[in-house]
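User: Could we go through this model together? I would like to begin with the ligand and then look at the strands.
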Amino acid sequence: MKEQDWRKSVVYQIYPKSFNDTTGNGEGDLKGIIEKLDYLQFLGIDYIWLTPIYESPMNDNGYDISNYLKVNENFGTLDDFKLLVKEAHQRNIKIMMDIVINHTSTEHQWFKEAIKSKDSPYRDYYFFRSSEEGPPTNWESKFGGNAWKYDEQTDEYYLHLFDVTQADLNWDNPDVRQALYKIVNHWIDFGVDGFRFDVINLISKGEFKDSKKIGKEFYTDGPRVHEFLHELNQNTFGNKDMMTVGEMSSTTIDHCVKYSNPNRQELSSVFNFHHLKVDYPDGEKWAKGKMDFHQLKEILMNWQLGIYEGEGWNAIFWCNHDQPRVVSRFGDDSSEELRQASAKTLAIALHMLQGTPYIYQGEEIGMTNPHFKSIEEYRDIESLNAFHYLKSQGYSEQHILEILDQKSRDNSRTPMQWDDSENAGFTSGESWIATADNYQKINVEQAMKDSESVLHTYKALINLRHQNDILIYGNIEPIYMDHNQLFVYRRHYRHQTWLIIANFSKDEVTLPDGLDISGDTIIQNGTVNQHKISGFGAIVIETAK
Ligand code: TEU
């Protein structure tokens, strides 16, 4: 595989609204990120993925863009952004912008023009359809309800795969594509180093027909998606030193090989989410569920082998701004000992895989879900819509809160926990969302002082990736896949072999007979000997060199 430096990189995702507030208005801002660049440099990360900072009514916290060319004043000014890029570059940290070009906010000028009349030159920027018998199709919005909104003024419906205030763009219209390429190039001109493209595998819609499911089959990995991505590549970031990643909803390995194989000149890498649905009973997110460990291992390994085989490139991650905190979800946050042990082992198990590791703000200190007790504490539109829908279905408020406690996107959106002062040092004002009540124990300041903290495990893992080509280019060999507690695999590269053993249970486990763990220890969490591994223990051993 051609050597490409970006493949040695680790990305740190920042959700600016919850990262660091320097104005006291209770919301994070760009200057707050600049203040913390030395911390990120200490951690050793290579890129910052900045979730959307563009002008937005913030119904979906910035994923509903009303002006792509202006910085949302809640986050600061264009000068603040330019300073962030400059200061990050001075610390050898690159900036990856998050850009949402599958849909715009209904506050966007294009949509405002489009909805004025059927003859508007912008009408065909979106999907407007007339229908006598209600919504044109039975497709469901990912945020609940039908995916079509009726507009009385022009007696037509418009498509919104997400919130009703997020209208889907018509990529079949070449004017839309050219307008979007100009926007991407606008930000490239500010010296950014890459992009994360939001739900980019939904941009090509096929037939508008009723679905036997919820409609996904008509717009996921659609008929022209690869053509569009290649055109996007060639008109913007292609042939530049930029790293791109596509968020791929409900996609396949085959498509992701096509999206990320460099010879196809589409994207550099892909996010897929199949491994983060192993606690969805019968695929249902809004239900209480337990992690299916075998399914988790199988999906992770299938994607590792499939993408390696196709010379594509995975993003490897547990957390992001849409997902619950992994230590509460797949680890154990019921005690300080179990929280630390499970957070470290989850990190080791993930960071030894092939692909680009993504660390979500706070994951590196083992931040947990906040375990909110009332619906009033929630802010996320998807979660609030789910609450009202489940209530309409007759579920008790208590039961719904238990579901939200597990699955809400707000689990990852509580303020970054910097120190043990009020609001965890995130803001001097009233925070837009409550801080998790364990911030006095779990915060950056405390973690920096403790050489055994989760933070220092993440720092060590980032360094290992920078220093060891086996992690970048080595192939992977899953073993003991039928084990009920252990996640075990090998990495091979040239003459080297690394063995990775991670115990996903809180109980001590006897190692399988014949598993030879002699060799040099690369990194370890907990106690491991030839026969046993401690609860949530992990070890990486160089068994051949
Ligand atoms: O997320 C796509 C998406 O489907 C998310 O809603 C997420 O996968 C889901 O909540 C998991 O159950 C992207 C952004 O990451 C998300 O924040 C936006 O709300 C969404 O697109 C619309 O732009």
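User: How far is the polar side-chain atom of His103 from an oxygen atom of the ligand?
Analyst: In this predicted model, a polar side-chain atom of His103 lies 3.0 Å from an oxygen atom of the ligand.

User: And what about Glu247 and Glu382?
Analyst: Glu247 has a polar side-chain atom 3.1 Å from a ligand oxygen atom. For Glu382, the distance from a polar side-chain atom to an oxygen atom of the ligand is 3.1 Å.

User: How much of the ligand does the protein bury?
Analyst: Taken alone, the ligand exposes 500 Å², and the protein buries 92% of that.

User: Which residues come nearest to the ligand?
Analyst: There are 17 residues around the ligand, and those that come nearest are Asp60, Asp198, Lys285, Asp322 and Arg409.

User: How does that shell divide into nonpolar, polar and charged residues?
Analyst: The shell around the ligand holds nine charged residues, five nonpolar ones and three polar ones. The space that the ligand takes is the largest pocket.

User: New topic, the strands. What is the order of the open sheet of eight strands?
Analyst: The order is E13-E12-E11-E5-E2-E1-E15-E14, and the pairing is parallel. Strand E13 (269–271) and strand E14 (315–316) are the edge strands, because each pairs on one side only.

User: How many bridges join E11 to E12?
Analyst: Four bridges join strand E11, residues 194–197, to strand E12, residues 243–247, and the two run parallel. Phe195 has Thr244 in E12 as its bridge partner.

User: Are E16 and E17 parallel or antiparallel?
Analyst: Strand E16 (residues 475–479) and strand E17 (residues 486–493) pair in the antiparallel sense, over five bridges. Asn475 stands opposite His492 in E17.

User: What lies between the strands in that hairpin?
Analyst: The hairpin of E16 and E17 has six residues between the strands, and Tyr480 takes a positive phi near 50°.

Methods. Residues are numbered from 1 along each chain as its sequence is written. This is a predicted model: local features need pLDDT of at least 70, side-chain atom pairs count only at pLDDT 80 or more; totals for chains, interfaces and linings use all residues. Side-chain values use heavy atoms; hydrogens and water are left out. A residue is near a molecule or strand if one of its heavy atoms lies within 4 Å of it. A polar contact is a pair of N or O atoms within 3.5 Å; within protein, one must be able to donate a hydrogen and the other to accept it, and residues adjacent in sequence count only if both atoms are side-chain atoms. Accessible areas come from the Shrake-Rupley method with a 1.4 Å probe; for residues, only the protein chains shown count as cover. On a 1 Å grid over the protein atoms alone, a cavity is a set of points where a 1.4 Å probe fits but cannot get out, and a pocket is an open set with protein on both sides within 12 Å along at least five of seven lines; lining residues have an atom within 4 Å of a point. A molecule sits in a cavity or pocket if more than half of its atoms lie within 2 Å of its grid points. Ala, Val, Leu, Ile, Met, Phe, Trp, Tyr, Cys and Pro count as nonpolar, Asp, Glu, Lys and Arg as charged, and the others, Gly among them, as polar.
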